[in-house]
2 protein chains.
Amino acid sequence: MSEEEKKNELLEICEAGDRERLQTYFSEHEPIDIAQETEEWDSEDLQKLTSLMEEDDLAYLMEQAEDKQRIRLARTLDNKRLLVAFGYMQKDDIVDMLSDFPIGRRKDVLNLMKAGDRKIITDLLNYPDDSAGGIMTTQYIALREDLTLSDALKKIREIGARSEVIETIYVTNSAGQLTGSADLRDLLSEPEDHLLRDIEDTHVITVRPEEDQEEAAHLVSKYDLKSIPVVSNTNRILGIITVDDVIDVIQEEANEDMLQMAGVSGEESLDTSLAESIRLRLPWLLVNLATAFLASFTVKAFESTIAQVVALSATMTIVTGMGGNAGSQTMSILVRDLANGDISWDKAKKPLFKEILLGLVDGAACGLVTGIIVWLVYGNAWLGVIIFIAMIGNLVVSGTFGFLVPVVLKKLHADPAISSSIFVTTATDVLGFFIFLGLAKAFLSKLI
Amino acid sequence: MSEEEKKNELLEICEAGDRERLQTYFSEHEPIDIAQETEEWDSEDLQKLTSLMEEDDLAYLMEQAEDKQRIRLARTLDNKRLLVAFGYMQKDDIVDMLSDFPIGRRKDVLNLMKAGDRKIITDLLNYPDDSAGGIMTTQYIALREDLTLSDALKKIREIGARSEVIETIYVTNSAGQLTGSADLRDLLSEPEDHLLRDIEDTHVITVRPEEDQEEAAHLVSKYDLKSIPVVSNTNRILGIITVDDVIDVIQEEANEDMLQMAGVSGEESLDTSLAESIRLRLPWLLVNLATAFLASFTVKAFESTIAQVVALSATMTIVTGMGGNAGSQTMSILVRDLANGDISWDKAKKPLFKEILLGLVDGAACGLVTGIIVWLVYGNAWLGVIIFIAMIGNLVVSGTFGFLVPVVLKKLHADPAISSSIFVTTATDVLGFFIFLGLAKAFLSKLI
């Protein structure tokens with residue numbers, strides 16, 4: 001069956017109001033695929049779909065759908081049905097959805113909740129979206145250390161179905177503080193009358209709720225964890241962050257770095273509105289415009305030289321263009337490596353020296369090719385020599401600045417991904433023009 | 001204790017040959033941290049460390065260490081100790097290590113293995129590093145569908161300790177083919193005399209061993225899986241890929257995209273050798289040199305115009321520079337969005353139209369600022385008007401090419417991250433110079 005037919009099938013079912021066929025369809029397809037399929041539907045068709053669905057299927061669909069789509073789905077439900085669906089959902093997903101709701105409806109829904117649930121959700125809503133607290137779930141297993149393994153297993157049978165992770169059980173003391181974690185494998189294989197205390201691993205890596213989600217993701221990835229507990233300053237467990245949420249964070253942050261290096265916000269995507277795109281992109285362009293003028297004024301300072309040797313105007317952009325390219329190469333490697341931690345000045349010396357050497361070698365190679373072509377095209381060997389030297393000079397500049405700018409920005413606690421390129425481009429443009437045109441001016445008599 | 005002192009502590013222990021203190025040290029520190037600490041050590045100190053260690057600790061250390069460091073560690077061990085350590089390690093990690101070994105030692109180690117292990121390892125070694133087969137582990141739980149839940153639990157107690165994932169149990173038929181998966185939660189809570197067949201979910205997402213690791217990672221991330229089974233063409237389960245390996249793949253691939261957009265290979269890092277960096281980066285620079293010449297020849301075609309109005313040479317780079325910046329903005333968003341799947345021509349029309357409109361608006365804004373400054377600096381209003389129009393034109397060019405180039409490359413099954421920027425830059429440079437200088441030539445009389 002083609003994509004097109006599949007879409008039509010679901011739409012047909014909704015038009016026909018055929019509950020039974022819809023249930024079959026749901027059992028045969030993954031919720032995420034259905035969520036993506038219905039992204040293009042208008043509200044009327046969505047309404048037909050949700051009115052035919054059971055609340056548990058609605059819950060799975062909303063859990064898997066993108067932010068925008070789940071809000072559209074929620075809009076087709078009255079508060080009563082929404083609450084029933086919430087009953088099947090993870091708390092962190094409910095919080096995610098509610099934080100995108102208009103304030104009025106959010107209040108209404110919170111008021112209709114049971115007091116216990118409302119307390120949990122309201123607490124979670126207080127953490128910023130991109131903090132550890134903002135992405136944690138409260139569905140985990142924490143048991144007292146004085147439980148026997150057989151009692152612990154009994155509890156796990158009861159509450160396991162509602163918790164996101166069961167391979168790791170968190171262990172607490174009588175004051176409710178986290179003392180360690182136990183592996184379900186050990187619970188299953190050790191003697192039943194042992195206590196959790198006997199099998200717990202007291203070396204648990206934790207994260208605080210106010211910490212950046214990126215830090216939590218970094219820990220999970222570094223230590224190959226299945227989940228990481230979020231604890232208060234008194235070491236009480238507040239929630240856990242699971243590995244599927246960590247994957248989302250890692251993808252988000254990696255994409256953000258890539259986009260920011262090009263002057264785009266991580267928030268932007270293909271379906272961002274025109275007005276929003278202008279707001280997000282124009283400021284960056286205007287900042288770049290300032291650096292473009294810096295470069296332009298450098299050229300302007302040499303206008304009298306260019307007036308005498310007009311060939312300079314066509315060749316100078318080769319030098320700055322190549323400097324820009326080589327600069328982004330160095331810069332990208334630095335931004336990537338700095339994302340995984342700081343770099344000390346001690347350790348920086350050797351790779352910086354390498355980048356400078358690399359600038360010399362690559363500059364000589366590119367400069368040689370350029371010099372020969374320029375010589376042949378313009379019939380002036382001196383022009384070829386000058387562009388050869390300028391190319392080496394500017395590729396050394398690009399290696400140096402491509403390396404130092406991200407390192408210094410990181411030291412100043414600025415994000416190297418965001419503003420490195422502006423400084424590196426300025427350096428390679430301004431110094432590139434300066435070196436080439438300066439040399440041309442010095443040897444002007446040879447060029448005329 | 002400072003970082004420096006911690007390093008000294010471990011070194012001191014090794015110098016003193018104090019096995020007991022070493023064991024305490026290992027129980028108090030994570031293997032990954034110890035692995036990173038010892039990266040700077042010389043082989044002699046490493047030798048001292050490993051000679052004092054138990055084989056199980058050696059195994060955890062090698063599992064967590066970076067590729068290079070674990071080879072250095074292995075080099076300090078004779079084959080006999082290495083095999084004992086392998087006994088504590090996951091098969092996929094052993095394969096990773098062996099594939100980095102010199103061929104001679106790899107053969108020796110394989111020959112010393114038990115026949116069963118050798119067969120598994122040799123099979124795994126045959127899959128490319130970056131394929132699903134290359135990153136899968138053979139330590140998983142697969143049970144026959146006609147087992148009762150109590151028998152299944154008994155098996156899990158026995159083999160669970162050696163398998164990477166126990167939350168998901170894979171279910172096979174009598175022919176060994178994968179029929180579904182069972183959740184450990186259900187095994188624990190359903191009546192003991194039920195069969196695995198009764199609780200299995202027959203809707204399992206699988207991947208083939210020859211598939212790209214990126215595809216496997218994409219599936220795990222999309223469907224929020226804890227692991228994904230790798231199956232043969234007869235649907236026999238060969239291994240599983242776990243979520244911690246998926247995180248590594250996702251980080252690798254996201255970094256690769258970022259680096260490739262800047263013309264750097266994903267293999268390169270700060271400690272790549274000079275010769276290797278030249279080999280990896282110079283070809284890209286030479287390709288860029290060709291496009292730089294294309295732009296240069298465009299300018300050359302207008303030399304007579306520039307000779308008469310030398311101000312053009314200082315101002316023309318503003319137009320192309322801004323086009324380049326706006327082009328990378330559009331391109332980065334496309335590369336990111338295309339990484340998550342294709343875009344159909346149908347869906348492309350609206351966002352392409354938006355990018356063109358955005359080029360008009362951003363171009364008008366930047367062009368206005370530029371036009372006014374140029375007018376004031378050069379005292380010629382016509383030059384201001386020409387650069388205003390050229391800026392709009394070139395930002396429309398950059399929106400169009402920044403959008404179409406990645407989309408077309410994807411359609412042609414090329415990686416948009418690798419070569420988009422070369423085409424987009426060529427377009428914005430060549431057309432940027434052409435529009436600006438062409439307008440200047442047309443209105444030359446107003447500029448002199």
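1. Buried, as the word is used in this note, means under 20% relative accessible area, while exposed means over 50% and partly exposed lies in between. The structure is a predicted model, and every remark that follows should be read with that in mind. At 1% relative accessibility, Cys366(B) falls under the 20% limit and therefore counts as buried. Cys14(A), with a relative accessibility of 4%, is buried as well.

2. On cysteine pairing, a disulfide is a covalent bond between the sulfur atoms of two cysteines. The count of disulfides over all chains comes to 0.

3. The interface between the two chains involves 110 residues of chain B in contact with 110 residues of chain A, and together the chains bury about 9400 Å², with 67% of that area on carbon and sulfur atoms. Across it there are 37 residue pairs in polar contact, counting pairs with both residues at pLDDT 80 or more. On the side of chain B that touches chain A, helix H19 of chain B (residues 311-339) supplies the largest share, 19 residues. The residues of that side divide into 60 nonpolar, 27 polar and 23 charged.

4. Between chain B and chain A the count of salt bridges is 4. In one salt bridge, the side chains of Arg281(B) and Glu355(A) meet at 2.8 Å, N to O. Val377(A) has a relative accessibility of 36% and so counts as partly exposed.

5. Glu167(A) deserves a separate look, being placed in the loop between helix H12 (149-159) and strand E2 (168-172) of chain A. Its relative accessibility is 4%, so Glu167(A) counts as buried. Residues up to four places away in sequence not being counted, Glu167(A) touches residues of both chains, among them Asp183(A), Arg185(A) and Lys226(A) as well as Glu164(B), Ile166(B) and Glu167(B).

6. Over all chains the structure holds 44 salt bridges, and in chain B one of these joins the side chains of Asp93(B) and Arg70(B) at 3.8 Å, N to O. This pair links distant parts of the chain, since Asp93(B) is in helix H8 (residues 91-100) and Arg70(B) in helix H6 (residues 67-75), 23 residues apart. Both Asp93(B) and Arg70(B) are buried. In chain A, Asp67(A), Arg70(A), Asp93(A) and Asp96(A) are linked in a network of salt bridges.

7. The side chains of Glu145(B) and Arg197(B) also meet in a salt bridge, at 3.8 Å from N to O. Glu145(B) lies in the loop between strand E1 (142-144) and helix H12 (149-159) of chain B, whereas Arg197(B) is in helix H14 (residues 196-199), so the pair ties together parts that are 52 residues apart in sequence. Glu145(B) is buried, with a relative accessible area of 15%, while Arg197(B) is partly exposed at 41%. In another salt bridge, between Asp183(B) and Arg185(B), the closest N and O atoms are 3.2 Å apart; here Asp183(B) counts as partly exposed at 28%, and Arg185(B) is buried at 12%.

8. Asp224(A), in the loop between helix H15 (213-222) and strand E4 (227-231) of chain A, has a phi near 50°, a positive value in a residue other than glycine. Asn235(A), found in the loop between E4 and strand E5 (237-242) of chain A, likewise is not a glycine but has a positive phi of about 65°. Asp224(A) is partly exposed, with a relative accessible area of 31%, and Asn235(A) is partly exposed at 30%.

9. Two helical positions in chain B complete the note. Ser420(B), in helix H22 (residues 416-442) of chain B, is buried, with a relative accessible area of 1%, and a polar atom of its side chain lies 2.6 Å from the backbone oxygen of Pro416(B). Leaving aside neighbours within four places in sequence, Ser420(B) is in contact with Met331(B), Val335(B), Val405(B), Pro406(B) and Leu409(B).

Note on methods. Residues are numbered from 1 along each chain as its sequence is written. Chains are lettered from A and ligands numbered from 1 in the order in which they are written. This is a predicted model: local features need pLDDT of at least 70, side-chain atom pairs count only at pLDDT 80 or more; totals for chains, interfaces and linings use all residues. Side-chain values use heavy atoms; hydrogens and water are left out. A disulfide is a pair of cysteine sulfur atoms within 2.5 Å. Buried means under 20% relative accessible area, exposed over 50%, partly exposed in between (1.4 Å probe, protein chains only). Contact means heavy atoms within 4.5 Å. Buried area is the accessible area (1.4 Å probe) that two parts lose on being put together, summed over both. A polar contact is a pair of N or O atoms within 3.5 Å; within protein, one must be able to donate a hydrogen and the other to accept it, and residues adjacent in sequence count only if both atoms are side-chain atoms. Helices (H or I, at least four residues) and strands (E, at least two) are DSSP runs, numbered from the N terminus. Ala, Val, Leu, Ile, Met, Phe, Trp, Tyr, Cys and Pro count as nonpolar, Asp, Glu, Lys and Arg as charged, and the others, Gly among them, as polar.
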